[in-house]
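I opened the notebook to go through one model, entry by entry. The structure comes first, my notes after.

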Amino acid sequence: MGVIEARDVTRRYGEGGAAVDALRGISLDVAAGQFAAVMGPSGSGKSTLMHILAGLDRPTSGTVAIDGTEITGLNDKQLTLLRRHNIGFVFQFFNLLPTLTAEENILLPLQIAGSKPEHEWVESVIERVGLGDRRRHRPAELSGGQQQRVAIARALVSRPTVIFADEPTGNLDSATGAEILAVLREAVDTYQQTTVMVTHDAGAAAIADRALFLADGLIVRDAPCKDAGDIMAILADLSAR
Amino acid sequence: MTRYALRSMASHKLRTALTAIAIVLGTAMMAGTFVITDQIRNAFSDIFGTSFAGTDVYLSRRPAFGNGTGGAQVGPLPASLIGRVRAIDGVSKADGQIQAIGSLVVHGKYLSSQGGAPNLVVSTLPKPFNENTLVDGHYPNGPNQVALIQQTADDHDLKVGQHVGLTTLQGVKPVTIVGVFQFGDVSSIGGSTIIATTFSDAQRWYDRVGKTSTISVDGEPGISPAALKRRIGAQLPHWVKVQTGTEAAKEQTDEISGAINSFFTPALLAFAGAAVLVGAFVIFNTFSITVAQRMREFAMLRTIGAMRRQVLSTVLGEALMVGVMASVIGILAGVGFAKLLGALFKAIGFGLPLAGISVHAWPGVIVPLAVGVLVTLAASFAPARRATRVPPIAALREGAVLPRTWLSRFTPYIAGLALLAGILLVFQGVTGSGPTTQRLLTIAGGAILSFIGLAMVSRYLIRPLARAIGWPLSIGRGASGRLARENTTRNTGRTAVTAAALMIGIGLVVFFSVLINGFKQSFIGSIDESITSNLIIQSHSQGNPVPEDAVRAAQGVPGVDTALGVAFTQVKIGHGGTDAANGIDPATLPRLYKFQWQKGGSDALLGRLHGDDALVEEQFAKSHHLAPGDTFQVTSIDGRHVTMHEIGQYKDPVLFSGFMVSRGTYSELTTDHNPQVLLVRYASGTDENATTRAVRQALKPFPDVNVQTNSEFKDSFSKQINQLLYLLYILLAMSVVISLFGIVNTLALSVFERTREIGMLRAIGTTRFQLRQTILYESVITAIIGGILGIVIGVVLAWVVSLGFRSSGIVFAIPYGQVIVSLIVAAIAGAVAAAFPARRAARLNVLEALQYE
Ligand SMILES: Nc1ncnc2c1ncn2[C@@H]1O[C@H](COP(=O)(O)OP(=O)(O)O)[C@@H](O)[C@H]1O
Ligand SMILES: [Mg+2]
């Protein structure tokens, strides 16, 4: 039993001869508190899978359940509420609102949900991601790394069932990327936060508990992570075949 | 580059369309103005052409002042002139005609004309002067016979043989309808009722015994009208105006044209101008936004070798095409607008005869086209210049910003100066001397400058205003209000210009509301303060007097203490302009009117008012430098000179401007001594309602007389003023509508710009409804900012203008109700404008939006 349960998920784009099968039958479970990395070459279906698991897109066939709720049959409104309460996002390009301060950006999901922020919880999250002294700054006054910290705090603040992170370090230099990964890892450990991260960087995947390898819309390997070298080896093995 | 500009337009059809509409509506108003004024001119030209078609020479009284023929005011000619003219060699025929005001009474009901057109009574002229065409029966040839114009007969279902009444200065006369005619070959002249009688009936009934209004002359074959005119003129005194029929037709047509050209056309064009100005703001804003959004594109053009000039011409080329396209559509739509205006005027009781629609290149096509294209180009020039300053490197970098120019440091000061200078110009125009046209142009220029100045200043007010207006939206739960508030302050320049476009429309609405309210309050206030009568009685027909017999009838009603006729007419003062001469009865006026005595004036003095004595209004004394004891010259419209002697001064610039003389002296100054207004006061202790009923009963024989209590009179006055105001509102609605498209355009472009942000918001749990709400609030906040700015500038300008009218007794009074309504209208406009962009935003696909670049 996982907080995410996907069964035989397929996704086809377009029709007829021009149709592309982005996902060709994927089943997976992610357990509560687990940090899973999704790896694979470009075009293997990572983003598509993540979008379907997060309720942003619908599978062509198959089912997805989040925290026991079957989501493939939900309408737009229900999906929106699911995302609001059960899902957090960290994007490659941060996607912060330029008009809001760091703190306001972090509180945005609570605002949208119309729920009152618990002061201590919010403080702990801001502290955790290391933004204590920058909370009054606007995104334009923050570095890329700081912006991504804001994004992580924003994902954490509503205590979602799962956080999805799509290439969270893709737009950062490697040193900053490493910092961000450390922040993510720490958050997962501190809050037992289930997290799924899409990446094509072996170094990034190495901090996860488990790595799923995608190729041509199928899971070709599902292994616990030890270190970057180990993952590189798996990648090399996969590409050799 | 032209092809590039065309492509760009085609790929942004919606943006192009919304931008074009801003100019289409303004140019449509302009073109429509030219069309309808042309229609009116042509209609009158046709009417007068028909009237004088069979007349070789035309005789009337020469007015002593004014350029006009002045209608009945000018006074009649002695009827003996007809015989003298007939005796002149070369005259084959000469006949007199009486023109008066009156209408039929059918089953006790007074038949009014349509849409405020006049109720005319004319005596029948024989052939060849009579250009009417009989449709039924015959022309009156005996006593108590009338013929009607076809429209009047049709409208009221009147038939030959029917017995009806005709209002005259001697009460209602029983008449029989003996004929129905058309004027030339048309059934109506702009909705006027026209009743034809015999010459002798008209003389008796309309106080013209031994007199005639005009004389029409037909020459013997072989003598030209011009020669005959000279011959007749040589034998008649100078106060007889002798014209050929053609000259008379031309003069009367020109008089109407003059009124149209000097008032009607400029007034309508001013509203069209306001619409065009609003359009300019919308275009400026749209081009500014799109230039900002296309920065990468321009940078790319520069990297591949495009010159700055080429970038400039890309943007200006697009503007040129939008301008031409929009103006052409506008000119075509102008015909529709002209029809709308015609219907509108008729609806508010301002019916005018309209000839068929014809569109002339000058000015109907060329002016709107030139204005539309030039305004579009001018408004897009600054954004186009900005586009040229995009550095090529911006193609490679995300979020590059344009360098600020050195000029931009001074913008706030320039803006503030423009605002102040604009207001001062308006003040200068109102209070300054000089020709009216020049002063009006100064006022208009000042208003435009102050609008532009405030638009520029408002950029610095957006933050505090948005914070204040958005505050109620941001309290409580919900992110929509807060996000909306932040969005309005995101690009203050953009919000400022969007709001400013609405500001102009609302500003003008408020400006006119305040001014007109001041006028209304002054008039009603003066009546409340000074008039102590119970009834205020006037004719239903504008400008028609109340018969002296009606005054006597009212006086005879038990319970009536005083029935006093007040007469007034225009006279020429010295060698200068004209002013009002008021004929009053000094013995009874104080019982109905409270004087505000000034220098040397007192109720006792009133008792000594006789002969050439005059009481003068304070302003009149000021402008003619008069003190008690001084004398001044007046000339009546029929050329009589009288020297008046000032004995004292009073103050009432609203009800009794000019000067007061006794009714006896007044008859020296006028051609019609009947009063215009009848004031009735009841004896104390009488039952008001019963007495009012009794007066109504006693005045039954004068059905064109409108018996109103003071409050009824004030109400109907307010109603008339409000109708004028509604007309102004409708004309200004166009400006508001254009600014609405401006809001739609800005929001749509902003939504497009924030696509990825919207995707993010949706991803983290914002519902479609919340998203719509955010955009709705953003729009409403922007619109309310526009409304507030408009109210401020409208009130300020109205106050400045009212300063100039203070001496005429016009007060400055803000109609708070109307001001609040205009703010609500602004908010509603904002809500309406949000509908489309909000729907667009809500329908965005979350995934596509997130991946949008
Ligand atoms: N909206 C779409 N329409 C059509 N094809 C798409 C769309 N999105 C993704 N694809 C295709 O689906 C496959 C998987 O894409 P994606 O999930 O983005 O892979 P990844 O994130 O691993 O690079 C690719 O072949 C891609 O071209
Ligand atoms: Mg991807």
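Two strands count as paired if DSSP finds at least two bridges between them. I keep that cut-off at hand for the first entry. The model is predicted.

**Sheet in chain A.** I looked up strand 1 (residues 4-13) and strand 4 (residues 61-66) of chain A. They pair in the antiparallel sense, over five bridges. I checked one bridge: A:Arg7 has A:Thr63 in strand 4 of chain A as its partner. I then traced the whole sheet. It is open, has four strands in the order 2-1-4-5 (chain A), and its pairing is antiparallel. Strand 2 (20-30) and strand 5 (69-70) of chain A sit at the edges, each pairing on one side only.

**An arginine in chain A.** Next I went to helix 5 (residues 144-157) of chain A, where A:Arg149 lies. Is A:Arg149 buried or exposed? I find it buried, because its relative accessibility is 14% and the cut-off for buried is under 20%. I listed its contacts, leaving aside neighbours within four places in sequence. They are A:Val129, A:Gly130, A:Leu131, A:Glu179, A:Ile180 and A:Val183.

**Nonpolar cores.** I asked which residues have the most contacts inside the largest nonpolar core. They are A:Ile4, A:Phe89, A:Leu108, A:Phe164, B:Met503, B:Met660 and B:Ile785, in a core of 177 residues. Helix 15 (residues 492-530) of chain B gives the most to this core, 18 residues. Another core lies apart from it, with 46 residues, including A:Val125, A:Ala187, A:Met197 and A:Ala223. I followed A:Leu108 further. Not counting residues up to four places away in sequence, A:Leu108 touches A:Leu97 and A:Leu100, and also B:Leu483, B:Met760, B:Leu761 and B:Ile764.

**Surface patch on chain B.** I noted a nonpolar patch on the surface, formed by B:Leu320, B:Val324, B:Val328, B:Leu332 and B:Leu369. Together they have about 400 Å² of accessible area. Helix 9 (residues 308-347) of chain B supplies the largest share, four residues. B:Leu369 lies in helix 10 (residues 361-388) of chain B. B:Leu369 counts as partly exposed because its relative accessibility is 30%.

**Chain B overall.** Chain B has 26 helices and 24 strands. Its C-alpha trace spans about 100 × 70 × 50 Å along the principal axes. Of its 853 residues, 55% count as buried. The accessible surface of chain B is about 36,000 Å², with 60% belonging to carbon and sulfur atoms. Among contacts in chain B with a separation of 6 or more, 82% join residues 24 or more positions apart.

Note on methods:
Residues are numbered from 1 along each chain as its sequence is written. Chains are lettered from A and ligands numbered from 1 in the order in which they are written. This is a predicted model: local features need pLDDT of at least 70, side-chain atom pairs count only at pLDDT 80 or more; totals for chains, interfaces and linings use all residues. Side-chain values use heavy atoms; hydrogens and water are left out. Patches are made of residues with over 30% relative accessible area and no salt bridge: like charges are joined within 9 Å, nonpolar side chains (Val, Leu, Ile, Met, Phe, Trp, Tyr) within 5 Å. Accessible areas come from the Shrake-Rupley method with a 1.4 Å probe; for residues, only the protein chains shown count as cover. A salt bridge is a side-chain nitrogen of Lys or Arg within 4 Å of a carboxyl oxygen of Asp or Glu. Helices (H or I, at least four residues) and strands (E, at least two) are DSSP runs, numbered from the N terminus. Buried means under 20% relative accessible area, exposed over 50%, partly exposed in between (1.4 Å probe, protein chains only). A nonpolar core is a set of buried Ala, Val, Leu, Ile, Met, Phe, Trp, Tyr and Cys residues joined through side-chain atoms within 4.5 Å. Contact means heavy atoms within 4.5 Å.
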